[in-house]
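Please view the sequence and the model together while reading.

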Number of protein chains: 2
Amino acid sequence: MTTLMAIGGAINHQAPRILQEFVRRAGGAQARLLILPQASALEDTGSFYLNLFSDLGVDRPAAILACSGRMDVDQPANLEAVKQATGIFIAGGNQMRLTTLFGGTRLETELLATYRRGTVLAGTSAGAAVLSKVMLAFGRSGPTPRQSLAQFTAGFGLTDKLLFDQHFRQRDRLGRLIYAVAAHPGLLGVGIDENTAAILEDDRLISVLGTGAVTIVDGHEISATDAAEAADHAPIAVAGLKVHVLTEGCCYDILQRQAIIPKKLSLSD
Amino acid sequence: MTTLMAIGGAINHQAPRILQEFVRRAGGAQARLLILPQASALEDTGSFYLNLFSDLGVDRPAAILACSGRMDVDQPANLEAVKQATGIFIAGGNQMRLTTLFGGTRLETELLATYRRGTVLAGTSAGAAVLSKVMLAFGRSGPTPRQSLAQFTAGFGLTDKLLFDQHFRQRDRLGRLIYAVAAHPGLLGVGIDENTAAILEDDRLISVLGTGAVTIVDGHEISATDAAEAADHAPIAVAGLKVHVLTEGCCYDILQRQAIIPKKLSLSD
């Protein structure tokens, strides 16, 4: 089974249920964890997560991937660390630091291979954005979709069906996610609130864990849009967008395009 | 074998060697051609190419894919036309018209399937841009790579290794292609001049046909870039970019990352 955990940033470190779930899925006490802190500009990001994980009942300390420039990335110790990990955690910061550093390296290829073999891949904030093939690099806030509201580039490509956005409702990012989906309605937009995870199993089933929501923006029933014609920064029109707002316990089946809200949530009995 | 022909626009219709090569690869006189004119805002684009192809010795007239809105796309006759075609030609115009119309439809999925079964896929200008997974949607000109110089979205995804740009030297687009490659050095930038084709076989070998050049921008040896940090519209720094300028008869092997210039061109004997 493949498992991707896209986390919306601002994890509650006092009640780290999302990180506990990551550790559990990566093997619990037996987990071999690897931290990629390179999106962050702070020097202690790696050791910060190392300490957090050591409080979560992992027998062996997590490893921190060591590289600062592109020339360091593909050293054998790094490739081996990726191969050996049962859980890989990509910290937040700036997602373009991740793509400019790792893009096109053997290590990036190895990340994909180890994910396909079953290693749990988790990323928070920038670390979540980078997981998809078409990556939301940066952009502006607001509820209205506008031409060029966000900038895209290639991400790591662990999934090519989804596009992740993070800090989603905290930073009012619905407009840019709708813009992305209108430009190519085959992308499924996944907006993830802070301290919330969208957990993708087998590139098919998304489940939600955390205190916020995951907003699914599905463009498959868009009947018309003027996204091809709208001038720069002008609002764009979109008809037939389907949106699901999912909280903990809810699921979304990508193939069936169906959201599942469990009865205990949907009925007040 | 899979065959993708990405054409840089402004095909010389008086000496249509590129279109002849498309017809030849699609089966010659026996070819069943399908034209997708939807990127164009002109009403006669489909019939224009239909007439062009009828002068190139095809027994059966080409078909024109008929759909103007997303609700028309997946009608059975259209899906059948894609399945039956031995060569599909995507005309120029605005590539976002193609992604907003076809993105996420069954027809888009069928295009990929028929391509993988051996149907020749050709596109000119916007029709070339749309062929890749990460698509260059629009942008500005100039030789200097700058932050946000171009806008990207998802394309049809017939290849996920390459990123095509067109009208390449005529519209001075090196800057935006370098920007794209710097943002994720795993993308191979392919800039195609007017009346020139980059022919991709088996997602591996690129050959050049036409009166201009194909410029390959390879980021795999980038040692450093500040593309993650540069402010909006500021020039970005890139070290270690590899560039090949290839003319007719030259090839590029994507896996080996090697350009091959035949002896008759490289020696003046």
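## A strand covered on both faces

In this predicted model, strand 10 of chain B is covered on both of its faces. Thr196(B), Ala198(B) and Leu200(B) are buried on one side, and Ala197(B), Ile199(B) and Glu201(B) are buried on the other.

Strand 10 of chain B spans residues 196-201, and six of its six residues are buried, so the strand is largely enclosed by the rest of the structure. The cut-off behind the word "buried" is a relative accessible area under 20%.

## The partners of strand 10

Strand 10 of chain B pairs with strand 1 of chain B, which comprises residues 3-7, in the antiparallel sense over five bridges. Within this pairing, Thr3(B) has Glu201(B) as its bridge partner; Glu201(B) is also one of the buried residues named above.

Strand 11 of chain B, residues 205-210, runs antiparallel to strand 10 of chain B and is joined to it by six bridges.

## Helix packing in each chain

Two packed helices are described by the angle between their axes and the distance between those axes. In chain B, helix 4 (residues 76-84) packs against helix 6 (residues 106-116) at an angle of about 10 degrees, with the axes 9 Å apart. Helix 4 of chain B is therefore roughly parallel to helix 6 of chain B, as angles under 35 degrees count as roughly parallel. Helix 4 of chain B contributes Asn78(B), Leu79(B), Val82(B) and Lys83(B) to the contact, while helix 6 of chain B contributes Arg106(B), Leu107(B), Glu110(B), Leu111(B) and Thr114(B). These contact residues comprise four nonpolar, two polar and three charged.

In chain A, helix 4 and helix 6 likewise pack at about 10 degrees with their axes 9 Å apart, which makes them roughly parallel.

## How the two chains are related

Chain B can be superposed on chain A with an RMSD of 0.0 Å by a turn of 180 degrees and a shift of 0.0 Å along the axis. The two copies are thus related as by a two-fold rotation axis. In chain B, the C-alpha nearest that axis belongs to Phe152(B), at 2.7 Å.

Of the interface residues of chain B, 100% are also interface residues in chain A, so the copies meet through the same surface.

Technical notes: Residues are numbered from 1 along each chain as its sequence is written. Chains are lettered from A and ligands numbered from 1 in the order in which they are written. This is a predicted model: local features need pLDDT of at least 70, side-chain atom pairs count only at pLDDT 80 or more; totals for chains, interfaces and linings use all residues. Side-chain values use heavy atoms; hydrogens and water are left out. Copies are superposed by least squares on the C-alpha atoms of residues with pLDDT of at least 70 in both. Contact means heavy atoms within 4.5 Å. Buried means under 20% relative accessible area, exposed over 50%, partly exposed in between (1.4 Å probe, protein chains only). Helices (H or I, at least four residues) and strands (E, at least two) are DSSP runs, numbered from the N terminus. Two strands pair if DSSP finds at least two bridges between them. Axes are lines fitted to C-alpha atoms, for helices over the stretch in contact, and angles run from 0 to 180 degrees between N-to-C directions. Angles under 35 degrees count as roughly parallel, over 145 as roughly antiparallel, 65 to 115 as roughly perpendicular and the rest as oblique. Ala, Val, Leu, Ile, Met, Phe, Trp, Tyr, Cys and Pro count as nonpolar, Asp, Glu, Lys and Arg as charged, and the others, Gly among them, as polar.
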